[in-house]
Amino acid sequence: MPFELVALSPAVFFALSSTMTRRGLDGSTPHTASLVVLIMQLVFFSSCLVAVDFSRISVSVYWLAFLAAGISSPALSLLFLFRSIQRIGVASTSPIANIHPIFGAFWAFLVLGERPPGVVWLGILVVAGGVYFMSSGGNPLARGRALLLPLTSAAFFGLAHTFRKVGLGGMESLVFGGFLQSVSACALGPLFLKASTGWRPFVFNKASLGSFVLAGLAMAAAQLTLMAALSMGDVSRVSPLVATAPLFVLALAPLILGRRERITPRIVFGALITVAGVILVTSLR
C-alpha cells in the first residue's frame with residue numbers, strides 16, 4: 001500500500017473521532033469523553049493481542065517509548081483536545097490542534113536527528129499555515145487563552161510521534177506497541193482527567209456514551225494506522241499528512257453534527273492551503 005495512503009488513514013479516523021466526540025459533548029463533559037475513549041482504545045488493542053506472535057517479543061527498553069507515547073498522546077493530548085472542542089467547537093479546534101507537524105518536526109529534529117530537506121520544511125509550514133487559517137477568525141473564543149488548549153494538545157501529539165518512532169526501532173508488532181501505549185494512557189489518564197477538573201464527577205448518559213464509544217474505536221484505528229505510517233517513513237513526512245484531518249472534518253461535520261458546526265469560506269480556503277502543503281510534502285520521492 002502506498003505510503004501516502006497509509007499516512008492519510010489516521011487523519012480520517014482522527015477526524016471521525018473528534019466529530020463523534022463533539023456530538024457526545026452535548027450531554028456530557030470533556031473528561032468523561034477522554035476516559036471512555038482511553039478505555040475503548042485499551043479494549044481494542046487488548047482484543048487484537050490474539051493476533052500477536054509473542055514468541056518474537058521480549059522485554060525491551062523500547063517498551064518505555066510506547067509507554068511514554070501513551071501518556072503524551074492519547075492521555076494528555078486528548079485532555080486538552082476535548083476541552084478545546086467543548087469550548088470553541090470541533091471546526092475551530094481541529095485546524096489549530098493539527099499544527100502538530102511543527103511540533104513533530106521539532107521533536108524529531110531534536111531527539112531523532114531527522115534532517116528533512118527544504119521542500120518538506122516548506123510543506124510543513126504551508127500545512128501549518130493552512131490549518132491555522134481554517135480556525136474561526138471571527139470567533140473571540142478562538143483567540144487568546146483559548147488557543148493554548150489546542151496548541152498544548154498539538155505539542156503532546158507531536159511528541160508522541162517521536163516516542164513511537166523510537167519504540168518502532170525495536171518493536172515489530174504494531175498491535176503490541178499500541179497495547180503498551182493504551183495501558184499507560186489508561187493507567188495515568190484518569191488521574192490527569194480528575195485532577196485537571198477539580199475532581200468533578202464523570203457524566204455518563206446513554207446518548208453521549210454511544211458517541212464516545214465510537215470515538216474511542218475510531219481513535220484506536222487512528223493510532224494503529226499512525227504507527228503503520230511511522231514504520232514506513234520519517235516523522236517529518238508522516239505528521240503533515242496526519243494533519244490533514246481538518247479536511248475530513250469538513251466532510252464529516254455536516255453529516256454527523258448538522259447545524260451544530262458552521263463551515264465558513266475561511267475554513268474551506270484554509271483547507272485548500274493545507275492540500276497544497278500536503279502536495280509539497282509528498283512530492284519528495
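Modeller: Below we take the helix pairs in turn and then the cavities.

Modeller: This is a predicted model, where local features need pLDDT of at least 70, side-chain atom pairs count only at pLDDT 80 or more, and totals for chains, interfaces and linings use all residues. Residues are numbered from 1 along each chain as its sequence is written, and side-chain values use heavy atoms, with hydrogens and water left out.

Colleague: What makes α2 oblique to α9?
Modeller: The axes of α2 (residues 30-47) and α9 (residues 206-230) cross at roughly 55 degrees and come within 8 Å. That angle makes α2 oblique to α9, because angles under 35 degrees count as roughly parallel, over 145 as roughly antiparallel, 65 to 115 as roughly perpendicular and the rest as oblique. Axes are lines fitted to C-alpha atoms, for helices over the stretch in contact, and angles run from 0 to 180 degrees between N-to-C directions. The helices themselves are DSSP runs (H or I, at least four residues), numbered from the N terminus.

Colleague: Which residues of α2 and α9 meet?
Modeller: Among them are V36, M40 and F44 in α2, and F212, G216 and M227 in α9; contact means heavy atoms within 4.5 Å. The contact of α2 with α9 divides into 15 nonpolar, 4 polar and no charged residues. Here Ala, Val, Leu, Ile, Met, Phe, Trp, Tyr, Cys and Pro count as nonpolar, Asp, Glu, Lys and Arg as charged, and the others, Gly among them, as polar.

Colleague: Why are α3 and α7 called roughly antiparallel?
Modeller: α3 and α7 pack at an angle of about 160 degrees, with axes 8 Å apart, and they are therefore roughly antiparallel to each other. Their contact has 17 nonpolar, 7 polar and 3 charged residues.

Colleague: And what makes α5 oblique to α7?
Modeller: For α5 (residues 100-112) and α7 the angle is about 40 degrees, again with the axes 8 Å apart, and that makes α5 oblique to α7. Residues including F103 and W107 in α5 meet residues including F157 and H161 in α7. By class, this contact has 11 nonpolar, 5 polar and 1 charged residues.

Colleague: How many cavities of 30 Å³ or more does the structure hold, and what makes a space a cavity?
Modeller: There are 2 cavities of 30 Å³ or more. On a 1 Å grid over the protein atoms alone, a cavity is a set of points where a 1.4 Å probe fits but cannot get out, and lining residues have an atom within 4 Å of a point. The largest cavity has a volume of about 200 Å³, a volume being the space filled by probe spheres set on the points.

Colleague: What lines the largest cavity?
Modeller: Its lining has 20 residues, with F14, L81, A97, N98 and F157 nearest the centre. α3 gives the largest share, 5 residues. The lining divides into 12 nonpolar, 8 polar and no charged residues.

Methods
Helix = DSSP H or I, 4+ residues; strand = E, 2+ residues; numbered from the N terminus. 1 Å grid on protein atoms, 1.4 Å probe; cavity = no way out; pocket = protein on both sides within 12 Å on 5 of 7 lines; lining within 4 Å.
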